Amino acid sequence: MSKNEQFDGEFTESDPNNGSAKQPISKQQGLGKVFLIGLCAGVLGGGVAVGGYTLYQNNSTQLASNSQGTTATSNVKVNVNTQTAKAFDAVKDAVVSVEAYSEQQSSSSLEDLFGQNSGNSTSQTSTSEGSGVIYKKSGNTAYIVTNNHVISGANKVEVLLNSGKKLSATVVGHDSVTDLAVLKISAKDVKQVASFGNSDNIKVGETALAIGSPLGSEYATSLTQGIISAKSRTINVTNSSGVTTGQATVIQTDAAINPGNSGGALVNLQGQVIGINSMKLSSTGSSGSTSVEGMGFAIPSNEVVSIINQLVENGKVKRPALGISLVDLDYVSQSARTDTLKLPTDVTSGVVVMKIDSSSPLKDSGIAKYDVITSIGGKKVTDLASLRQALYEHKIGDTVEIGYYHEGKQQTANVKLTLEADDSNTTTSSNSNE
């Protein structure tokens, strides 16, 4: 999958298309190589034939002694039935490659040349490749979890099983906030399903295995091994435009994770899935950046299970929205903070309310335009990402306390979260609806 996973100061989505594609070799090229090899072998053989008899006559004693230098392979077998191999066998057939396609307009160059082009035609182009994990079979249907960024924007998705068989897949649901998606395929050819372990029980230092398709399906079901580097790491998550859309709490591992591994399994030595591989840190970004190795991240299995169950049930994850337009305080000049917002000088972070929609649960709360929200439910709000993080810890119907500054005075309001988030009331920019 995947879309670009290179890190350039922020975490972004991965792109398996960065891998080098194999170039076809023509028959003439192949025969040429065979001919050259055969010719060299013939020349060498002729040389041996011409001088061989004389060499044998003159150095027969030496040849006899050199025969003691010959060797042979040993038939000693090494027992490789390790716990790592057992864990891999327990899940390998449940890990698949995911290929996403989108429609693109194309035309025939020959028709264009002769002026016979009757219009553009539509073709399917592979836009992303990633990995997925088959986690359930129910009747004739099998369910697969992958990353949302692997299938985002695609109108056709296919799954390549470990057996080599390719199947058409249907998107059941997807969630951009957690970067998870669920697909379904026919269960007829599915031989194995993975089970989820409890990610709360993992320990730093324990062995972790990453299974997926780095650089695409050509390297499907690749296995790498490492350890759990951190059990709970909070990182900023950005969209394809580089805008921070929130934060995620993830598992850090040094098992090799590359573009195309997105959506694959992070597995413990029992063969249980403890995380879904999602991203890696490859550099620190900016000019003169430092190259980084061994820093991959996976969505913990406990969160995965919670999200995919909601996706199967509803096709989406239901979250509350405030129904307001916001801007980070960082984007407001110091003079505007003093003259318009009338903020105390010690208030240096938060989000500014720019507009309150008619459907907003804040409509009758006392919160107004140019007020600065600094906390939700007791969690500090410093910017849009932290506001979403605090808000999404609550469900629709919950009542939360919102802390804010109005005309320079700190106040609180209890707000019942009645509005559901959707594309019309939630965006991902720093000057945003929420």
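**Notebook: aromatic cluster, cores and a buried serine**

I looked up Tyr135 first: at 12% relative accessibility it counts as buried (under 20% relative accessible area; exposed is over 50%, partly exposed in between; 1.4 Å probe, protein chains only). The model is predicted, so I note that local features need pLDDT of at least 70, side-chain atom pairs count only at pLDDT 80 or more, and totals for chains, interfaces and linings use all residues. Residues are numbered from 1 along each chain as its sequence is written, and side-chain values use heavy atoms, without hydrogens and water.

Next, ring pairs. I found two aromatic pairs (ring centres within 6.5 Å; planes under 30 degrees apart are stacked, over 60 edge-to-face, the rest tilted; for Trp the six-membered ring is used). Tyr135 and Tyr143 have ring centres 6.5 Å apart and planes at 40 degrees, so this pair is tilted. Tyr143 is buried too. Tyr135 and Phe196 are at 5.9 Å and 50 degrees, so they are tilted. Phe196 is partly exposed, at 24% relative accessibility. Ring pairs link Tyr135, Tyr143 and Phe196 into a cluster.

Then the cores. The largest nonpolar core holds 41 residues (buried Ala, Val, Leu, Ile, Met, Phe, Trp, Tyr and Cys joined through side-chain atoms within 4.5 Å). Val91 and Leu183 are among the members that touch the most others. A second, separate core has 21 residues, including Ile367 and Leu391.

Last, Ser262. Is Ser262 buried or exposed? I read a relative accessible area of 0%, so Ser262 is buried. Its side chain makes a polar contact with the side chain of His149, at 3.1 Å (N or O atoms within 3.5 Å; within protein, one must be able to donate a hydrogen and the other to accept it, and residues adjacent in sequence count only if both atoms are side-chain atoms).
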